Amino acid sequence: MVGCFRMSAPCWLICSAAVSAPLWRRLLAPGSANRRNMSSKRQMDHLQRTASNYRQNALYPAQVCGIINDSETVKRLRLAVHPDFSFKAGQWVDFFIPGLETVGGFSMCSNPGLLQREGIVELAVKYTTHPPAHWVHTVCAVGSRVAMRVGGDFYFDPQPSDPSVDLLLVAGGVGINPLYSILLHTSDLLRLNQSSGGRDYSIGSAHLCYSAKNTQELLFKTSIIEKCGQFPDKFSCNFHVTQQRAEVEPHLTPFVKSGRITEEELQANVDPQRTLCYLCGPPPMIEAVSQTLMHLGLPKDRIVFEKWW
């Protein structure tokens, strides 16, 4: 990992201290979220775009306890959260920053298992001039305090009684974040099955198609390859690069393809009876891939997508 900074105190201690701080009295005061919702369209673009999506009622305090430079343009925040915080793999948070009117919207790239084990949530944020992302890249530091509220109808939360499905995960750019969360969650469920002799969850396969400009912008690539190695009969992946100039590193070569995700690759991983597809990326990509999948016979109700702007 490059540029990883950690607090010396345990993260749960940091979070517990943050709960009683004056900041949280202001952020969690009755009606505080409503007052923010009444602000201008220019400032509340994320809240307006997701107004029809499910949201939890609670707004929880969080404190940054680690920062990782995942690429030249993406920082990953490790956040210690309140003990009552919970989410499903694939969901996002409303991200409230003290002193900043604009509310951010970031998908969690970590999985519920990490939250249960360590009390930590991770967000990978790409640099833009949008105020919340700009704050993450220029102001945010270990110890910074924020507040978060979980939302989103885009998630994978299978129950033990659910029939097995094969996952097709299609990501563009930082659209990998919720899909990586889903992949990690699926990995946790497979481990749980191994320890119980397969009596808990019926888990099928998962194939990831991930497109980015170049291999430097492929987030979590090493971890994704490791997961494929741990579960070779369950996980597979292809990385697509559209503007690669440098030579591809040898350990990535078997997984990297030049150019965009093709219809042939999608077709090879679509079974209309078993496949459940999750898409996340720029709207034009989502629309094109969705149309291709339906042309291949995948029912519309088995295509779940989230567009980020």
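The questions and answers below concern a predicted model.

Colleague: How many aromatic pairs does a search of the whole structure find?
Modeller: The search covers the whole structure. A pair of aromatic rings is described by the distance of the centres and the angle of the planes. The number of aromatic pairs found is 10.

Colleague: Are the rings of Phe 154 and Tyr 278 stacked or edge-to-face?
Modeller: Their centres lie 5.4 Å apart. Planes over 60 degrees apart count as edge-to-face. Here the planes stand at 85°, so the pair is edge-to-face.

Colleague: Which parts of the chain does that pair link, and how many residues apart are they?
Modeller: Phe 154 sits in the loop between strand 7 (145-151) and strand 8 (166-172). Tyr 278 belongs to strand 12 (residues 275-281). These are distant parts of the chain, and the separation is 124 residues.

Colleague: Is Phe 154 buried or exposed, and what about Tyr 278?
Modeller: Buried means under 20% relative accessible area. Phe 154 has 2%, so it counts as buried. Tyr 278 has 4%, so it too counts as buried.

Colleague: Are the rings of Tyr 180 and Phe 220 stacked or edge-to-face?
Modeller: Tyr 180 lies in helix 7 (residues 176-196), and Phe 220 in the loop between strand 9 (206-212) and helix 8 (221-230). The centres are 4.1 Å apart, with 5° between the planes. Planes under 30 degrees apart count as stacked. The pair is therefore stacked.

Colleague: What is the strand order of the open sheet of 6 strands?
Modeller: The pairing is parallel. Strand 11 (256-258) and strand 13 (303-307) are the edge strands, each pairing on one side only. On average, neighbouring strands are turned by 15° against each other, direction ignored. The order is 11-10-9-8-12-13.

Colleague: How many bridges join strand 8 to strand 9, and which residue stands opposite Gly 172?
Modeller: Strand 8 and strand 9 run parallel, and 6 bridges join them.

Colleague: At what angle does helix 7 run to strand 8?
Modeller: Helix 7 lies across strand 8, strand 9, strand 10 (235-241) and strand 12. Helix 10 (residues 283-295) lies across strand 8, strand 12 and strand 13, at about 170° to strand 13. For helix 7 against strand 8, the angle is about 150°.

Colleague: Which glutamates make polar contacts with the side chain of Arg 78?
Modeller: Arg 78 is in strand 3 (residues 74-81). At 9% relative accessibility, Arg 78 counts as buried. Its side chain has a polar contact of 3.2 Å with one glutamate side chain and of 2.6 Å with another. The partners are Glu 118 and Glu 122.

Colleague: Which residues are linked with Arg 78 in a network of salt bridges?
Modeller: Arg 78 forms a salt bridge with Glu 118, a residue of helix 5 (residues 112-118). Glu 118 is partly exposed at 43%. The residues linked with Arg 78 are Asp 70, Arg 76, Glu 118 and Glu 122.

Colleague: Why does the salt bridge of Asp 166 and Arg 274 tie together parts of the chain, and how many residues apart are they?
Modeller: The side chains meet at 2.9 Å, N to O. Asp 166 lies in strand 8 and Arg 274 in the loop between helix 9 (263-268) and strand 12, so the pair ties together parts separated in sequence by 108 residues.

Notes:
Residues are numbered from 1 along each chain as its sequence is written. This is a predicted model: local features need pLDDT of at least 70, side-chain atom pairs count only at pLDDT 80 or more; totals for chains, interfaces and linings use all residues. Side-chain values use heavy atoms; hydrogens and water are left out. Rings of Phe, Tyr and Trp (its six-membered ring) pair if their centres lie within 6.5 Å; planes under 30 degrees apart count as stacked, over 60 as edge-to-face and the rest as tilted. Helices (H or I, at least four residues) and strands (E, at least two) are DSSP runs, numbered from the N terminus. Buried means under 20% relative accessible area, exposed over 50%, partly exposed in between (1.4 Å probe, protein chains only). A polar contact is a pair of N or O atoms within 3.5 Å; within protein, one must be able to donate a hydrogen and the other to accept it, and residues adjacent in sequence count only if both atoms are side-chain atoms. Two strands pair if DSSP finds at least two bridges between them. Axes are lines fitted to C-alpha atoms, for helices over the stretch in contact, and angles run from 0 to 180 degrees between N-to-C directions. Contact means heavy atoms within 4.5 Å. A salt bridge is a side-chain nitrogen of Lys or Arg within 4 Å of a carboxyl oxygen of Asp or Glu.
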